[in-house]
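The following paragraphs are intended to be read alongside the sequence and the coordinates.

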Amino acid sequence: MTAQPQEWTVVCPLTRLDPGRGVAALVDGVQIALFRTANDLFAIDNQDPVTEAYVLSRGIVGSRDGVPTVASPLHKQAYDLRTGDCLDRPGVAVRRHEVRCQDGLVEVRLRKEE
Amino acid sequence: MKNSRLVVVGNGMVGQRFVDALRARDSEGRWRVTVLGEESRPAYDRVRLSALFDGVDADELNLHTPDPQVRLRLNTSVTAIDRARRVVTTTDAEYPYDALVLATGSDPFVPPIDGADLPGVFTYRTLDDLAAIRAHARGRRRGAVIGGGLLGLEAANALRLLGLATSVVEVAPRLMPLQVDTAGGALLRRYVEELGVACHLGVATTALHPGSDGTVAQLELADGSRMDADLVVVATGIRPRDELARAAGLPLGSQGGVLVDHTCRSADERIWAVGECAAVDDTCHGLVGPGYAMAETVADRLVGGAATVSEPDTATKLKLLGVDVASFGDAHGTTPGCLDVTFSDPATRVYAKLVLSDDAQTLLGGVLVGDADAYPTLRASVGQALPAAPLALLAPAGAGSGAAALPSSAQVCSCNAVTRADLDAAIADGATDVPALKACTRAGTSCGSCVPMLQQLLDAAGVGQSRGLCEHFDVSRQELFDLIRVREIRTFSSLIAEYGRGDGCDICKPVVASILASLGTGHLLDGERASLQDTNDHFLANLQRDGSYSVVPRIPGGEITPEKLIVLGEVARDFALYTKITGGQRIDLFGARVEQLPQIWRRLVDAGFESGHAYGKALRTVKSCVGSTWCRYGVQDSVGLAIALELRYRGLRAPHKMKSAVSGCARECAEARSKDFGIIATDAGWNLYVGGNGGFQPRHADLFATDLTTEALVRLVDRFLMYYIRTADRLQRTAAWIEAMDGGLEHLKAVIVDDSLGLCADLDAAMARHVGAYSDEWRDVLDDPALLGRFTSFVNAPEVPDPSIRFTAERGQRVPAGVGGTENRQPVGLGMPEVQR
Ligand SMILES: Cc1cc2nc3c(=O)[nH]c(=O)nc-3n(C[C@H](O)[C@H](O)[C@H](O)COP(=O)(O)OP(=O)(O)OC[C@H]3O[C@@H](n4cnc5c(N)ncnc54)[C@H](O)[C@@H]3O)c2cc1C
Ligand code: SF4
């Protein structure tokens, strides 16, 4: 579980995020993929665990059976944005991070290990 | 001519056919028929002779049915023809004739080898020959066949079946030298040797030596070596039996045989010759097909008809030792100027060659080894236009049924090593759609090129399919296109709210983005539309394995000025981009980071370049050869046309990428027939081909229209593309689209040539809109600060380059290091077998 509580880091104004699209952010040297859906914000590692390339922020956001997802832009595996689990490959997952919006600013708090 | 006397010499296959044909036609009983045959049995099926060693009884080969109107004398050799008296003589009788038909066949030709007359040396022609071989084989161990042709290989198989260790000795450098070419022969040899038949090629047999019991024991070869064999079959060819005609003073062919005209009549108007003993056009034929044609011709003539023998079909197919071999028409490509198309797959061990006329339109002949499934179609098409693209005819997987035709051991997904058997098992276990198949087999989860085959396998298994695009839409792409077009829907959110459910996904979002783009409704990255694009369209560049992008400016028709080439070199050098020339005649610059893309494009746009749409499901390139401008063979300006087409259709979004090419003459140097639409110049204009494909499932484009003016060509291509864009499925290339179309190519012609659906005006207008509304996507981005803002590495650190993109050097250029980089790659293997031509 979480090793030690991390600080919240301000990343960008909410208006900088387009609904249904992601951006990459650098938080404490860690590459984060940040997504805005119609009513939610999600943050996961930017690294695609299948190909190891740092590309998840550039995937297409959508839903599968009501679950919010992002599809890796390289080989299209879908990830559950809430849990980080890969829906196409059992056992594969990406790390999630905490994200919130305060005063119009998007903030991220890293999770080290899960 | 009531009750004339007809005498037939020889009761072999053709003689019998002739009698049957005549009796079928001679309803008035004009001819009284006498057949004189030398063998002890009435006619039998010589072609199936070897079946005797497969347990077939001699009686089953019988071809003769008794006929009260036909007198048959067996064990009767004709010894002479007396043309003046019009009688043939046998050892003990004379038979007068009004018409005489010679059907004496051939004798095996035995070369003058010392010892060829030893006991234990046989020919392979008659039932008696085979009986003698069988008797001699008892207790013997080693057999040899002299002659590696069709007959020799049949004989070798017979000896094998008789339990002898068998060798074939052939003086030519390959097996079946008359039928197959060098490459086909090499493959055939491998098959034959695998069956345990040793092949000694390119060496003559000089003598046969007896053992202590006086029967044959050894072969001596021209290279001085000796080979043990206690049974030898000589199968070195045949000689027409023309001795009666020769003695009667009738003219013979230059290679022997009774010289006859196209009605099979000899110089003596009462004497005809049919089958192997006849030389039509100075050529004898050692096959039964041409002989049957002659038999029918003479039968027709004798009842007053006017038949002539047509060009004989010398096609052969043999299913021998379990190996398919077929050869037909001008298999050796002796027609002046002819071209050949070869297909060779060392993995499935299939070799095929088609010989085409110099304009590549007409099939002249071919050779198939290892898989002769296409033989019936091909043989039927000799002398005609090709029934389909050559490779589609030859390639086993391209035989039309695609994945459904694959054997279960075939690897469908080579990325994840998933075989057809794995997929069939998954379907049997309840996978009913592509995502389910992907999830349980992992097929199609890597490069994705096998996904269409997954669909075909599902279709082949008859598994119920929803036409719906994905879980968010129950309608197909085509229906979605019509909805958006007719209802003038312009946003994904309103579309999904009205006609779908959920939030969309990586399937439906790009489809809708592409439809909106095809309809010419604004920039790719405008507002909400940006979120629909996959990453390539989102960054107007091609994502590579390490997260970097590649840049491909348009070079229409592959024509580029030195100045522009220098700019490309300078930009590549200044941004340290890996540079490679593509198959589509342009230049791909790799290794650009997201934030570098606008800087790179600024330089390119300033130098007059525009987007090449290499990232889009859109027209990629129109490749061209230099054509009539430079090439001494060129008949039209292929470069000029290619540039015009590329500029006309640039940026046009489609269900999948589209490629094209223009060749300046039938030599086809631009490989236009491997493209979605390909154009080949003719003396009179342009030929249009559609539905070609390279890549994973290659397919040659089909000829669609010929000798078009440039204007007519452009109109057809306009409609072809627009109809494709409107009606194809998601990620369906034109090849698959046409194949899946009800009525196929003919339907397509009806719609876009004859306007059977009344759509053409609409399609023409749609294309006119596209051409009018085109603007360069990259220039638009550079002019719009809001769009430029998307090209940042990190939203909170736009000045920091992505640290995961690192490079190393290979052959003097930068290539990915680290993630997805060189150290993960396997070394290149150079062990591919080579098949010589
Ligand atoms: C093992 C084998 C396999 C073959 N396989 C094929 C194949 O796959 N495909 C194919 O197309 N062809 C094949 N052939 C060739 C085919 O059998 C011949 O082309 C066909 O039999 C020719 O028919 P024909 O009537 O002209 O000659 P034949 O069938 O040889 O008949 C001629 C007959 O005339 C008799 N005769 C000759 N002279 C006299 C005389 N003076 N008086 C009386 N009778 C006489 C002979 O004894 C013989 O019975 C094969 C041949 C052999 C031996
Ligand atoms: S296709 Fe014809 S015109 Fe074009 S380069 Fe080849 S030979 Fe020359």
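How many residues does the contact take from chain A and from chain B? Chain A contributes 35 residues and chain B contributes 42 residues, where contact means heavy atoms within 4.5 Å. The model is predicted, so to speak of local features requires pLDDT of at least 70 and side-chain atom pairs count only at pLDDT 80 or more, while totals for chains, interfaces and linings use all residues. Residues are numbered from 1 along each chain as its sequence is written, chains are lettered from A and ligands numbered from 1 in the order in which they are written, and side-chain values use heavy atoms, with hydrogens and water left out.

The size of an interface is often given as the accessible area lost when the parts come together. Between chain A and chain B, about 2,800 Å² is buried, and carbon and sulfur atoms give 51% of that area; buried area is the accessible area (1.4 Å probe) that two parts lose on being put together, summed over both. On the side of chain A, the residues that lose the most area to chain B are A:Arg21, A:Arg58 and A:Ile60, which together account for 23% of what that side buries.

Polar interactions also cross this interface. The rule finds 15 residue pairs in polar contact between chain A and chain B, both residues being at pLDDT 80 or more. A polar contact is a pair of N or O atoms within 3.5 Å; within protein, one must be able to donate a hydrogen and the other to accept it, and residues adjacent in sequence count only if both atoms are side-chain atoms. Three strands of chain A, namely E1 (9–13), E2 (21–27) and E5 (60–64), each supply at least two residues of the side that touches chain B. Among the elements, E2(A) gives the most to that side, with six residues. By residue class, the side of chain A that touches chain B divides into 16 nonpolar, nine polar and ten charged residues; Ala, Val, Leu, Ile, Met, Phe, Trp, Tyr, Cys and Pro count as nonpolar, Asp, Glu, Lys and Arg as charged, and the others, Gly among them, as polar.

Across the same interface the rule finds one salt bridge, a side-chain nitrogen of Lys or Arg within 4 Å of a carboxyl oxygen of Asp or Glu. The side chains of B:Arg790 and A:Asp18 meet in a salt bridge, with an N to O distance of 2.9 Å.

Chain A itself has zero helices and nine strands, helices (H or I, at least four residues) and strands (E, at least two) being DSSP runs numbered from the N terminus. Of its 114 residues, 54% are buried; buried means under 20% relative accessible area, exposed over 50%, and partly exposed in between (1.4 Å probe, protein chains only). Among the contacts in chain A with a separation of 6 or more, 40% join residues 24 or more positions apart.

Over all chains, the structure holds 48 salt bridges. One of them joins the side chains of A:Asp88 and A:Arg64 at 2.9 Å, N to O. Because A:Asp88 lies in the loop between strand E7 (78–80) and strand E8 (96–102) of chain A, and A:Arg64 in strand E5 of chain A, the pair ties together parts that are 24 residues apart in sequence. A:Asp88 counts as buried at 19% relative accessibility, whereas A:Arg64, at 29%, counts as partly exposed.

A:Glu98 forms a salt bridge with A:Arg109, the closest N and O atoms being 3.4 Å apart. A:Glu98 lies in strand E8 and A:Arg109 in strand E9 (residues 105–109) of chain A, so this pair ties together parts that are eleven residues apart in sequence. A:Glu98 is partly exposed, with a relative accessible area of 27%, and A:Arg109 counts as partly exposed at 22%.

In chain B, B:Arg246 forms a salt bridge with B:Asp242, with the closest N and O atoms 3.3 Å apart. B:Arg246 is exposed at 51% relative accessible area, while B:Asp242 counts as buried at 6%.

The ligands remain. Ligand 1 is surrounded by 29 residues, the closest being B:Glu39, B:Arg46, B:Arg125, B:Glu276 and B:Val288; a residue is near a molecule if one of its heavy atoms lies within 4 Å of it. A polar side-chain atom of B:Arg125 lies 2.5 Å from an oxygen atom of ligand 1. The shell around ligand 2 divides into five nonpolar, four polar and two charged residues, among them B:Cys625, B:Arg667 and B:Glu668.
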